[in-house]
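Let's take a look at this protein together.

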Amino acid sequence: MLAVMELRINSHSWRAAAVVAAACAAWGVAGPASSASAATPPTPKPAKGHEADLAVKWGDDTSGESTKAAAGTGKWDPNKDNGALPLLKKQASITDFLATKDLLGRPLTGTGVTVALIDTGITPVLGLDAPGKVVNGPDLSFDSQLDSTRYTDGFGHGTHMAGIIAGSDTTAAAVKTGAKFAGVAPGASLLNMKVAAADGGADVTQVIAAIDWVVQHRNDNGMNVRVINLSYGVHSTQPAAVDPLAKAVESAWKNGIVVVASTGNDGIANPVLMPAADPYVISVGAVDHEGTADEKDDQVASFSNGGDATRRPDLLAPGKSVVSLRDPGSYVDLAHPEGLVPGDTTGRFFRGSGTSQATAVVSGAVALMLQARPWLTPDQVKGVLKATADPLHTYPQPAMGAGVIDMKDMQKQLALFVPSQDWTRSTGTGSLAATRGGESVADPASGATLAGETDAMGQPWNAANWAAASDAGKAWSGGTWNGRTWTGTSWTPQGYGSVAWTGASWTGTDWQARSWRADSWDARSWRADSWDARSWRGLY
């Protein structure tokens, strides 16, 4: 997310680096070089004027999980850490569900299901490096114009989400570390839809374009995209009934793709962010384990947006101090060494809190459900998850929604009759300015912000025309979206093809006249001073 509008990274663990007034933080931690060093982007420097966000912690390990998990030996044991995936999956009964089989007798791992991750990119670190694990879709971010930064995650948020959803130590190099890392759905594949740059900057139109692309290409290249993970949110000032981002996610939902979105990390008293505010999608808040495995003391995490009478979280999932894959050299990694896991001798892991992480947990769980019952509709998936969630009994409150995700006996529950949702459909004819909520990306050369009814390429926006094209599944024509060419038109060995951007940007400057030097990160912050970093932001 560049100097663009706040991709409200709803992972208290991944706030954009360099967010001005809000002192947002990204994840940062120094450590051993990644095994995929050839794909690691140049080290980004904090954008000038944004140093305050470095004070925010990424680790958020207030219950001392790392200390407890390394007690006695000095070596971190994930089986003793409430934020690590082995215990996290047990607490949500995901481990019980993994022990069952699909109708073909295969173990449930998410096999055959592709999860589209619309985020800051994915770096192929160990656990995400197996052939076919990650498919690179078109890079729609401002990083797409350089070979060295295309597809990869210079920020560190997307890689963390990818690990939670479907990370798996299957390659020889990963197995050699002895970590045995496995995400919620280790057999699922990931479609990498990068929309945010190394400083987190991204405009909402880049997200909308990514959703449209996924809908039209969901079965390309051997994929079976059934889930979209949006650990992202914006403070839209218009109702979902007209919001363009709401329209985009509803289009995906209508086409059989389950959309899982984070509520936000502003606190329980705050409204649910868009697109989680749309009534059709699965809106996910975070639960705090309070440092124990006993669910009786669990509470809605203090950072989790609780919503109001118009829209609450649908359910909660673990989102406190979650341990996932580290992205060495990323902004978060360099700026937030407190996210490192003490006692982790492999140097592979990083800790973060937020509704982003909770959303990733649910996306992985949905992949498991869809392997078990491929014919389930998005409405049925949402209905079953809500029907089987466990309400908080000791500390109940409206912000918990239906309760905490619980996959115990899920196989039996998949036969439940779930009525279709009949909410008012979004027209998508509202304004982009209202969707952005006052937070915009900015041109790093001139400082001019992207505002009004203009997309990230500088093209005028006609909401009615876009909505009609999106409804018809024709928003993209080859590599063109909203009248401008963003991408190539075919797959390459590296991923979906790229093109050099041409024409005038929103400032009037021709895209081809820009310097895209890889060593000029400090001169390329795409975030305006209004950037609140709520988009991809986290507690860290």
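How many of the residues of the protein count as buried, as a percentage? Keep in mind that this is a predicted model. Of its 540 residues, 63% count as buried. The protein still exposes about 17,400 Å², and carbon and sulfur atoms supply 54% of that area.

Now for the fold. You'll find 13 helices and 15 strands here. Take the contacts with a separation of 6 or more: 80% of them link residues 24 or more positions apart.

Helix H9 (residues 355–372) packs against helix H10 (residues 378–388) with the axes 11 Å apart, at an angle of about 115 degrees. That angle makes H9 roughly perpendicular to H10. Their crossing is right-handed. On the H9 side, the contact is made by Val362, Val366, Met369 and Leu370, while H10 brings Val381, Val384 and Leu385. Sorted by class, that gives seven nonpolar residues, with no polar and no charged ones.

Most residues other than glycine have a negative phi, and most peptide bonds are trans. Met274 and Pro275, though, are joined by a cis peptide bond, with omega about 15 degrees. Pro275 sits in the loop between strand E5 (258–262) and strand E6 (282–288).

Notes
Residues numbered from 1 in each chain as written. Predicted model: local features only at pLDDT ≥ 70, side-chain atom pairs only at ≥ 80, totals over all residues. Heavy atoms only, no water. Helix = DSSP H or I, 4+ residues; strand = E, 2+ residues; numbered from the N terminus. Buried < 20%, exposed > 50% of the residue type's maximum accessible area, 1.4 Å probe, protein only. Contact = heavy atoms within 4.5 Å. Areas by Shrake-Rupley, 256 points an atom, 1.4 Å probe, with all protein chains shown as cover. Axes fitted to C-alpha atoms, helices over the stretch in contact; angles between N-to-C directions. Parallel < 35°, antiparallel > 145°, perpendicular 65-115°, else oblique. Left-handed = near helix turned anticlockwise from the far one by under 90°. Nonpolar A, V, L, I, M, F, W, Y, C, P; charged D, E, K, R; others polar.
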